[in-house]
There are 2 protein chains.
Amino acid sequence: MNTLQALRQRFNTTLSAELAKLEHIPPALHDAITYSCIGGGKRLRPILAYLVAESLGCSFDKLDLPVCALELIHIYALVHDDLPCMDDAPLRHGKASSHSAYNEATAVLVGDGLQALAFTWLSQAPGLDAETRLALIATLSTASGPSGMVGGQYLDLHPPAHIDRNFLQNLHDLKTGRLIRAAAHFGLIVSGCKDKATYTTVQNYATYFGLAYQAQDDLLDSTSKTETLGKPAGQDIHKHTTSTMMSLTETKQHINDLWKLAQAELDLLGNSAKKLLEFTGQIKQRDY
Amino acid sequence: MNTLQALRQRFNTTLSAELAKLEHIPPALHDAITYSCIGGGKRLRPILAYLVAESLGCSFDKLDLPVCALELIHIYALVHDDLPCMDDAPLRHGKASSHSAYNEATAVLVGDGLQALAFTWLSQAPGLDAETRLALIATLSTASGPSGMVGGQYLDLHPPAHIDRNFLQNLHDLKTGRLIRAAAHFGLIVSGCKDKATYTTVQNYATYFGLAYQAQDDLLDSTSKTETLGKPAGQDIHKHTTSTMMSLTETKQHINDLWKLAQAELDLLGNSAKKLLEFTGQIKQRDY
């Protein structure tokens, strides 16, 4: 099992255990929450946070609950983005999306509940002092709020008449980049990193990572099959994506350039970022 | 101007200023957020928190940002509850509900964004130490999450085949009571109250207040006019409410008993709870 698989397994085990521990939730809602959280997902953000912390000498256990909270925010956003009034997506991670498996009202409430739960978990994260937990809450709520992820989803659904590459880059930064950068930030905060140069390097790395990842996502959406993606291929084709603004060759070159920039930042961290570099290489090669 | 009006004005001024200060939000989303937050609402929860703190000798200014966060959670819940897939309500506070004024996707995102913003504000609340801010975050996220308010809304939309008064009491406690109790809890936390007896008295007061308020709400829904309520009268008539399980006389007696129990708890606090008692009397007399 490689590092990525091991961390994904660690994360999935923790998340399942935390969800099973929850009490006083109406059982059918608890089921819908578990259904939406378990059985799919690359767990990219938790793995990124774990590996940034590891590169700074921090043990994984301090990250266990914070990265669950981080992933809950990502999951709630997917559940709401899939709603009929948003992207109207019937499939997610190769199975029925939450509103298709349950109903719309349940999917709205699953998302609302997951967001609240994320902040409960951060407020209680063990092994961290109050200031650290507050920094995680401020980071995650800002990254996912109206000036971050929610703002990005709004722009994606209500684009201006004239779209250019600046708009697209800003959209991607808000919709995907902010949460990926928050993941890297979680690693920095929990490891207690105070070195300004390291902070900047890790944040630059996460910015390039986020841009490369989103551009790659758009490319895969337009070139892969539904079975490989686990969600309907081509569903973003009507939207303004990197792939609709550049030729296939240009897009591939653009993505490759971004991954190179991300990897160049990691080179600045030296040998301690070895696993992070390995992980970045694996994501670069992904086909789903 | 009485105490209630003065505090409502204080709250509305603070909330408007905080919303106006927000940056980097897509302007049209910012508009929809402001529309949903301003121009209506009794501000019951903020006023309750202010007055509990005041009865314990705490100055109002420490509460200003925390009660804004508290109200954002209440507002987000109303925006989502009004959605077509939930209560499908065209009116709120005498004007078009958020999804009617904008569109469904925008209303979902307004709610999602308000929830995130509430936790950002609590993480940054001035004049409070980190432990206090964390206690507010834990209180609000738990009260509003899947084992609280969100769970209550789920049960309201998916009631069991057989409904009894126990189910109804639990439903009201989750859907309305938990956030009202959180408001009282905010007052206790910010004032730094450590006296166990006072804690219990204030929490009992808030519990009776919440039950009385919800039963009164159901009664007003079935007996008032749309113009008085500012939302469609009779829209809860298909739901299982206090009014559908008791006669009108029984319901009025039940509500009166609950207010008396709430007021009896305040009597235990003596003269310092004078304004809280006055406020409770005003809410008891409300017709909207």
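A: Happy to, and a definition comes first: buried means under 20% relative accessible area, exposed over 50% and partly exposed in between, with a 1.4 Å probe and protein chains only. Helices (H or I, at least four residues) and strands (E, at least two) are DSSP runs, numbered from the N terminus. By these rules α6(A) is mostly covered, with 19 of its 21 residues buried.

This is a predicted model, where local features need pLDDT of at least 70, side-chain atom pairs count only at pLDDT 80 or more, and totals for chains, interfaces and linings use all residues. Residues are numbered from 1 along each chain as its sequence is written, chains are lettered from A and ligands numbered from 1 in the order in which they are written, and side-chain values use heavy atoms, with hydrogens and water left out.

Now for α6(A) itself. From first C-alpha to last, its 21 residues reach 30 Å, close to the 30 Å expected at 1.5 Å a residue; the expected span is 1.5 Å times one less than the number of residues. At the start of α6(A), a side-chain oxygen of N103(A) comes to within 3.2 Å of the backbone nitrogen of A105(A).

Next, the interface. Chain A and chain B each bring 44 residues to the contact, where contact means heavy atoms within 4.5 Å. The area buried between the two chains is about 3700 Å², and carbon and sulfur atoms give 73% of it; buried area is the accessible area (1.4 Å probe) that two parts lose on being put together, summed over both. Between chain A and chain B there are twelve residue pairs in polar contact, both residues at pLDDT 80 or more. A polar contact is a pair of N or O atoms within 3.5 Å; within protein, one must be able to donate a hydrogen and the other to accept it, and residues adjacent in sequence count only if both atoms are side-chain atoms.

On the side of chain A that touches chain B, the elements giving two or more residues are α2 (27-37), α4 (64-81), α6 (104-124), α7 (130-144) and α8 (149-157) of chain A. The largest share, twelve residues, comes from α6(A). That side of chain A divides into 23 nonpolar, 16 polar and five charged residues. Here Ala, Val, Leu, Ile, Met, Phe, Trp, Tyr, Cys and Pro count as nonpolar, Asp, Glu, Lys and Arg as charged, and the others, Gly among them, as polar.
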